[in-house]
Amino acid sequence: MAKMELGAVIAAAQRVADSTVAAEARVVDREGRWPEASLKELQRELGGLVVDERLGGLGHGLSAVARVGEIIGRQCASTSICFGMHLVASAVMGAKATVRQEQEFLRPIAAGEHLSTLALSEPGTGSEFWLPQCRMQSDGDTLRVTGTKSFVTNATHADSYVINLVRAATPAAAGSFSVAVLDAATPGLQWGPAWHGFGMRGNDSRALQMHDVPLDASRLLGEEGDEIWYVFNVVAPFFLMAMAGTYLGVATAALETGREHLKRRRHTHSGRQLSTHPVLQHRLGTLWATVERTRRLLYFAAEEAESAGPAALLALCSAKAEVAQTVDTVTNEVMTLAGGIGYGTDSDLHRYLRDGRAAHVMSPTTDILRTWVGRALLDEPLLED
Ligand SMILES: Cc1cc2nc3c(=O)[nH]c(=O)nc-3n(C[C@H](O)[C@H](O)[C@H](O)COP(=O)(O)OP(=O)(O)OC[C@H]3O[C@@H](n4cnc5c(N)ncnc54)[C@H](O)[C@@H]3O)c2cc1C
């Protein structure tokens, strides 16, 4: 991939969003189908978005991830999360990659030939994904992994999974874990049933069971015990920007749906359009400001983190929390503005509302993020002992 400026990245994302992603969005939701055509095109155009230029990637960071997430999310949140998880996984791999990992993973990702994803969550520890119970045991040069990952987006479609795990003999204390890349071709991976979410129905977010599956030691990322470094320096920033971008896109789409409805709907007895009611004008104006101030916080957070500014952590965490609140508010408020017509027909608004409800529960959840911000402001440790 040749170097692209941010403007060209945004234009490329917009092209794919307006064509393939928009064309697939409804059927992806209706049939719970993984957005294959969109992912193929996104991989081809922007698959190496966060991979180093030296390895053939585009060398972009958090701002590009947020902007691409927003553009794709405006058309289809499922597609945006599927691609976003690939970007986060690529960033995690690239942070401390060995030459071998560069050859095996990052160059193919940059060439648009390898799709990855993040598999951190587990059924036991749920939202506290930084405390894995998946265990690895040494067996000569190979490690053996046992445990279950939950909600793995891109499940059976990815070529690799970025996982976190702990040595079998190590007590589960924060900081003693490792991060690794697991090949999709690894023998013994067992996938749970197909994903049937309330929203995000194209994600294919399945559970993955591993019992004594082999993991070559060369697939460990960084040093053993680096997991918390990865969580706060790579996973959280990239994940938060990918999520926040996606759900800001959903909120923007819902706002536009509300605006169009008010302009279109006219009562026959009075001949009056809904757009002429002051209370509805006021409500729409308030929603616009809610979306726009959240967008400003999101862009600021990405830029602040890229320049290692002092408010980076506060802004990154708050941006995703604010976006979650915004998409929740806007989709629900627009549902009211759209009346029984919006409630009763199979409109895109239904999808926005269902997809948007995932924003709070994608961990770090809204409450966890607010608490981290409070703790950081009070000079308290972010994670409890
Ligand atoms: C559509 C979708 C896609 C996903 N994709 C991925 C993926 O690709 N990779 C991945 O690793 N994970 C993924 N996840 C998992 C997600 O990030 C969470 O880990 C998961 O939703 C936790 O679910 P749970 O029922 O175990 O939550 P629980 O841990 O049981 O929590 C339930 C609720 O309790 C509250 N809560 C829990 N812990 C705390 C705490 N410490 N402080 C304050 N409140 C708390 C929160 O409100 C939370 O929503 C996905 C989830 C969804 C819904």
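Q: Where does Asn154 lie?
A: A heads-up first: this is a predicted model, in which local features need pLDDT of at least 70, side-chain atom pairs count only at pLDDT 80 or more, and totals for chains, interfaces and linings use all residues. Residues are numbered from 1 along each chain as its sequence is written. Helices (H or I, at least four residues) and strands (E, at least two) are DSSP runs, numbered from the N terminus. With that in hand, you'll find Asn154 in the loop between strand 3 and strand 4 (160–167).

Q: What is the phi of Asn154?
A: Most residues other than glycine have a negative phi. Asn154 isn't a glycine, yet its phi is positive, at about 70°.

Q: Which residue does a cis peptide bond join to Ser363?
A: Most peptide bonds are trans. Here, though, omega is about 5° for the cis bond.

Q: Which element gives the largest share of the shell around the ligand?
A: The ligand has 24 residues around it, with Ser121, Gly126, Ser127, Phe151 and Thr153 the closest (near means a C-beta atom, placed from the backbone, within 6 Å). Two or more residues come from each of strand 1 (116–119), strand 3 (142–152), helix 11 (358–361) and helix 12 (366–377). The top contributor, with 3 residues, is strand 1.

Q: How many residues of the shell around the ligand are charged?
A: Ala, Val, Leu, Ile, Met, Phe, Trp, Tyr, Cys and Pro count as nonpolar, Asp, Glu, Lys and Arg as charged, and the others, Gly among them, as polar. The shell has 12 nonpolar and 10 polar residues. That leaves the charged ones, which number 2.

Q: Why are helix 7 and helix 8 described as roughly antiparallel, and at what angle do they cross?
A: Axes are lines fitted to C-alpha atoms, for helices over the stretch in contact, with angles running from 0 to 180 degrees between N-to-C directions. Angles under 35 degrees count as roughly parallel, over 145 as roughly antiparallel, 65 to 115 as roughly perpendicular and the rest as oblique. Helix 7 and helix 8 are therefore roughly antiparallel. The axes of helix 7 (residues 278–306) and helix 8 (residues 312–337) come within 9 Å, and their crossing angle is roughly 160°.

Q: What percentage of residues 228–255 is helix?
A: UniProt lists this span as "transmembrane region" in an unreviewed entry (positions follow the numbering used here, feature names are shortened, and annotations may be inferred rather than shown by experiment). Its end C-alpha atoms lie 38 Å apart.
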